[in-house]
Amino acid sequence: MVQTILQLTVRDILQRPLFQKAEAIASEEALNRTVHWVHIMEVTQVGHLLNGNELILNTGIGWHDDEELSLSFLQQLIDSGASGLCIELGTYTKQPIERMKQLAQCANFPLIFFHEQVRYIDITQDLHAYFIHQHHKMVSELYQTTQSPTPFLEEKLRLKQEIWLADWLSAQHSQVEIRNYLHTLKSTLKLNQAIVCVFDSKSTLQSLKNHDTSIIHKQMTAMALFENEGFYLLPTVLHHQMVLILIDQLPTSPIQERILKVIQRLPKTEMNQDPTVFSSLFGIGKPITNFTLLQSSYESALETIAIQREVGPLRRPFYQELHIYKILHHLKQSGELGPLIEDYIGSLLSMDRERNSQLLKTLKVYLALNGSKQETAKALFIVRQTLYHRLDKIAALLGSDYMQPHKRITIELALHGYEYLNGMMD
């Protein structure tokens, strides 16, 4: 029987070398939970960050001194369908919190404790490669069991290519191997730069097999459209997401506009069709010229999707154009965004909540207009005297040096962070 990616369990993960010294508190049912991916998560509000079946790595920095917050965080993970929670004991969390253990045991939810310092980045890299290789194994076994004659030759070749692409996306091929393989596909292929686009089509693709004829048809349609814009396309399905590897054949022509032109056309090819793939949220990774680094383009495409889950769909979802969103995303993931906001604009937020004083909005407009009082008053539809009164309050709360360059930059970052978490101010 062919093993599927859904058969990866917490028990399997615990056999990995980096987990050999970990302590697992889990029932048999908990150990049999399936794991599709792994995330480092230090925030205490899970929201819509998870899709389900993720193993969460956490240090406890956000909740270690607040038992109720720790229970709330754990309950959110359980409700979101996460597969388990790993906690490093030491720097922040000195010992397992008993009520967390009780809650986890009641929900048959695995808790895994590291009693020694571990590098979570090593764990994520190891497990991501593991998951991709399990996908590789699944497709390989399916390939081996396809013993049909000539009519299925094309299907066998497609399965073989999926195996190779999965390895490429997990940085398993050398530069020579990549060049040789791609030139067997097309001898005249120009290997100037490549970029990965990912469609977050899990809800659609989870119910379909990778080689469902409708998926193959969609991939062929995409290949034709991208070829017209100067790209050689290698499509695949990985973790129930449509992954498009684009190899640019027109490096002197702006890459982003050509990609957008095609992507805007793709949903129209699915009109009145079910299921749809190209109408979902998508992210475009960073372009790479060293083809062994395709994994970085893939991971940055996934990060672009994650950011859009926070701020909503972007008109141009290119990783290269996320700018401040990349900083805010990493600050939130590390648990540092909330404290930054509180430290630099928390006093304004409190005043606005208590008195509806509009100080935060006033500060945002004032900074955006580079400190022009006349333009700020006009933009806010208030008289100069009202503006002066608000600016005096802002200076009293933030300090009279709030317009000094270093402090101003940090305040603006906090303002953007507040909108990242709460939506744009009117």
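This is a predicted model: local features need pLDDT of at least 70, side-chain atom pairs count only at pLDDT 80 or more; totals for chains, interfaces and linings use all residues.

Colleague: What makes the pair Glu229 and Lys261 a salt bridge?

Modeller: A salt bridge is a side-chain nitrogen of Lys or Arg within 4 Å of a carboxyl oxygen of Asp or Glu. The closest N and O atoms of Glu229 and Lys261 are 3.2 Å apart, and the pair forms a salt bridge. Glu229 lies in the loop between helix 9 and strand 7 (231–238) and Lys261 in helix 10 (residues 255–265), so the pair ties together parts that are 32 residues apart in sequence. Helices (H or I, at least four residues) and strands (E, at least two) are DSSP runs, numbered from the N terminus. Lys261 counts as partly exposed because its relative accessibility is 46%.

Colleague: Which residue forms a salt bridge with Arg258, and how do you know?

Modeller: The partner is Asp248, with the closest N and O atoms 2.9 Å apart. This pair links distant parts of the chain, Arg258 in helix 10 and Asp248 in strand 8 (residues 241–248), ten residues apart. Arg258 counts as buried because its relative accessibility is 6%, and Asp248 is buried because its relative accessible area is 1%.

Colleague: What do the side chains of Arg16 and Asp126 form?

Modeller: They meet in a salt bridge, at 2.9 Å from N to O. Arg16 lies in the loop between helix 1 (10–13) and strand 1 (22–25) and Asp126 in helix 5 (residues 120–145), so the pair ties together parts that are 110 residues apart in sequence. Arg16 counts as partly exposed because its relative accessibility is 22%; Asp126 is likewise partly exposed because its relative accessible area is 22%. The structure holds 18 salt bridges.

Colleague: What makes the link between Arg390 and Thr362 a polar contact?

Modeller: Their side chains are joined at 2.9 Å. A polar contact is a pair of N or O atoms within 3.5 Å; within protein, one must be able to donate a hydrogen and the other to accept it, and residues adjacent in sequence count only if both atoms are side-chain atoms. Leaving aside neighbours within four places in sequence, Arg390 is in contact (heavy atoms within 4.5 Å) with residues including Ser357, Gln358 and Leu380.

Colleague: How do you know that the length of helix 17 agrees with its residue count?

Modeller: The expected span of a helix is 1.5 Å times one less than its number of residues. The 18 residues of helix 17 (residues 405–422) should therefore span 26 Å, and its end C-alpha atoms are 26 Å apart, which agrees. Among the buried residues of helix 17 are Arg408, Ile411 and Tyr420. Their cover includes helix 11, helix 12, helix 13 (337–355), helix 14 (359–368) and helix 16. Gly423, whose phi is positive, near 95 degrees, follows helix 17.

Colleague: What span should helix 9 have?

Modeller: The 16 residues of helix 9 (residues 213–228) should span 22 Å, and its end C-alpha atoms are 23 Å apart, which agrees. Buried residues of helix 9 include Ile215, Lys218 and Phe226. Gly230, with a positive phi near 90 degrees, follows helix 9.

Colleague: How many helices and strands does the chain have?

Modeller: The chain comes to 17 helices and nine strands, and buried residues make up 48% of its 426 residues.

Terms used: Residues are numbered from 1 along each chain as its sequence is written. Side-chain values use heavy atoms; hydrogens and water are left out. Buried means under 20% relative accessible area, exposed over 50%, partly exposed in between (1.4 Å probe, protein chains only).
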